[in-house]
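Here is a friendly walk through one protein model, from its domains to a sheet and a salt bridge. Please keep the structure open as you read.

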Amino acid sequence: TSLSSSSRPHSLTPLASSHGKPRNPPSPTLLNEFVNFCYQRDLPKAMNAMAAMERNGIYADSITYSELIKCCLARNAVEQGKLVHKHVFSNGYQPKTFLINILISMYVKFKLLDEAHALFDQMPERNVVSWTTMISAYANAKLSDKALEFFVLMLREGVLPNMFTFSSVLRACNGLFNVRQLHCGMIKLGLESDVFVRSALIDVYSKLDELKDAICVFNEMETKDLVVWNSIIGGLAQNNDGDEALDQFKRMKRAGFTADQATLTSVLRACTGLALLEVGRQVHVHVLKFDVDLILNNALLDMYCKSGSLEDAKSVFERMVHKDVISWSTMIAGLAQNGFSQEALKLFDLMKASGIKPNYITILGVLFACSHAGLVDDGLYYFRSMKRLYGIDPGREHYGCIIDLLGRAGKVDEAVRLVQEMECEPDAVTWRTLLGACRVHHNVDLAIYAAKQVLKLDPEDAGTYVLLSNIYANSQRWEDVSEIRRQMREKGITKEPGCSWIEVNKQIHAFIVGDTAHPKINEINRRLNQLIHKLMGIGYVPDTNFVLQDLEGEQRDDSLWYHSEKLAIVFGLMSLSSGSVIRIRKNLRICGDCHTFAKLVAKMECRVIVIRDPIRYHHFQNGVCSCGDYW
């Protein structure tokens with residue numbers, strides 16, 4: 001709904017505008033008892049006293065009724081709240097706008113929006129609080145069009161919005177056009193410098209992925225408080241700009257602000273996205289101040305799992321006094337993604353025994369564990385029973401895990417049947433999963449079909465073009481190879497270069513294939529060459545199946561030698577002490593040759609190497625990988 005669009009005004013049925021008078025003079029004893037019961041939060045006695053007052057036409061002041069309404073809310077006493085509403089309008093009595101606003105707020109908190117709206121429509125006079133309460137209610141209920149409609153009607157009635165109105169209506173904005181209109185309105189009213197308004201603006205710009213606007217709003221503030229700092233750090237972290245989020249966190253600390261739970265949750269999210277284990281450990285020190293905070297502990301748990309530090313994750317999980325379904329699901333998924341599938345399934349059994357009911361994400365972690373350990377029977381059992389046992393309908397991600405499981409196990413025909421049986425339409429990810437299975441098991445015709453389905457849904461997917469080209473090349477279909485490469489050139493599609501990151505002394509070092517930019521690249525290349533020759537002496541042979549097919553002979557071997565993860569591994573060997581784990585993050589799935597290389601290096605150098613790619617984590621130690629070579 002555009003803020004400038006016309007909208008038919010509500011038909012209103014005003015109540016009598018004159019305040020009714022009590023029929024009898026107030027009884028001091030009855031009225032005093034009622035007041036005392038309200039402030040003592042004695043709901044049954046207060047309700048009895050109120051009934052007696054109504055019979056005698058006696059009414060208390062608005063503040064006392066507001067205390068009674070608070071008591072109803074605290075006890076979730078909906079029927080008693082409705083009786084208070086009925087009482088204050090009985091015998092022709094007309095409550096003040098202040099009290100009607102409190103009643104509207106009561107209905108909103110009881111999630112009775114129809115009742116709130118009906119009472120709002122009956123008000124003879126509405127002030128900014130009345131309108132803001134309704135706008136906030138609809139925004140919180142995700143009824144964005146209704147919230148924006150009320151904002152327009154408010155302006156038409158000549159009621160000026162305040163900082164709380166703008167904060168509420170901004171939450172209802174799903175499009176940039178409406179946000180810009182509201183932003184202009186705030187400036188006209190001189191409210192743009194208000195902390196709550198600024199914070200809401202930063203939040204909504206971040207939600208719409210307009211980080212430049214969010215940062216601009218933030219930088220325009222002369223004085224900043226913790227709420228605004230949290231908004232910008234949280235917005236950056238949510239939009240995967242972890243580096244900038246951490247920079248703002250450092251600026252916040254230099255400005256003299258102390259981080260709270262919201263700050264630390266966002267900072268941990270930034271560390272998780274960047275796989276910055278050492279920075280995450282520093283944040284952990286601050287988290288200890290809020291040790292019983294469940295949300296914060298869940299964020300910490302997620303950070304350690306996604307940084308590949310399972311020992312730290314297990315320590316946090318075991319120490320948590322309170323665990324919810326998110327805690328259990330995070331730990332199950334973390335174990336599964338790091339290659340510890342049997343542990344993940346055991347933990348799932350413990351979760352059920354503890355009385356926590358699994359949710360959509362829990363089952364996804366369980367199926368992921370089965371998929372990446374080749375547990376076909378277990379995976380199919382959990383998949384087929386999830387609706388019956390837990391009331392969870394299989395989603396596209398669940399189907400994807402089982403298709404992956406069947407494909408990895410060589411049951412490609414069963415995987416195809418499952419794709420055809422999906423209740424939801426297969427997306428590009430589903431077809432890529434099937435394509436990967438076809439590549440591994442050399443099912444050329446089905447691979448070509450799956451690749452074409454991917455490109456229908458995602459025409460810019462460079463990886464699928466390259467994979468399809470290589471499938472054609474392996475089948476000696478050179479004309480098809482030329483056609484694929486021609487399409488890529490015409491569409492300007494290029495394969496994303498492999499990039500690997502490693503953290504050394506709190507600094508991130510990035511490498512791409514054939515890197516020449518790193519200041520120590522010459523020494524890295526020299527050490528890498530020495531290491532490869534040493535490995536070749538014990539039987540290592542570069543596997544050129546993982547190189548683009550338009551490279552020939554030694555050129556293909558050389559391309560493999562300088563893959564980004566190999567450069568990062570060697571830099572880790574050079575820079576980290578012998579007892580340190582070498583942790584690497586990679587933007588593309590690790591190739592088979594680099595996987596073999598990492599296993600051999602881990603054994604020869606007596607090191608633990610952890611590589612996180614977009615699919616999972618690989619823990620290399622003593623010549624083996626936690627994935628069991630099944631990835």
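Domain bounds here come from an automatic or database domain assignment. For this protein, the assignment gives domain 1 (323-393), domain 2 (398-495) and domain 3 (499-625). The model is predicted, so to speak of local features pLDDT of at least 70 is needed, side-chain atom pairs count only at pLDDT 80 or more, and totals for chains, interfaces and linings use all residues. Residues are numbered from 1 along each chain as its sequence is written, and side-chain values use heavy atoms, with hydrogens and water left out.

**Where domain 1 meets domain 2**

The C-alpha centres of domain 1 and domain 2 lie 28 Å apart. Counting contact as heavy atoms within 4.5 Å, 16 residues from domain 1 and 11 residues from domain 2 take part. Between them the two domains bury about 1100 Å², 79% of it on carbon and sulfur atoms; buried area is the accessible area (1.4 Å probe) that two parts lose on being put together, summed over both. On the domain 1 side, S371, V376 and F383 supply 48% of the area buried against domain 2, more than any other three residues.

What holds for charged and polar pairs across this interface? The rule finds zero salt bridges there, a salt bridge being a side-chain nitrogen of Lys or Arg within 4 Å of a carboxyl oxygen of Asp or Glu. Two residue pairs are in polar contact between domain 1 and domain 2, both at pLDDT 80 or more. A polar contact is a pair of N or O atoms within 3.5 Å; within protein, one must be able to donate a hydrogen and the other to accept it, and residues adjacent in sequence count only if both atoms are side-chain atoms.

Two elements give two or more residues to the side of domain 1 that touches domain 2: α21 (360-371) and α22 (376-390). Helices (H or I, at least four residues) and strands (E, at least two) are DSSP runs, numbered from the N terminus. The most comes from α21, with seven residues.

**The sheet**

An open sheet of six strands has the order β2-β1-β3-β4-β5-β6, with mixed pairing; two strands pair if DSSP finds at least two bridges between them.

| Edge strand | Residues |
|---|---|
| β2 | 507-512 |
| β6 | 624-625 |

Strand β5 (residues 617-621) runs antiparallel to β6, joined by two bridges, and F620 stands opposite C625 in β6.

**A salt bridge**

The count comes to 22 salt bridges. In one of them, the side chains of K314 and E343 meet at 3.1 Å, N to O. K314 lies in helix α18 (residues 310-319) and E343 in helix α20 (residues 341-353), 29 residues apart.
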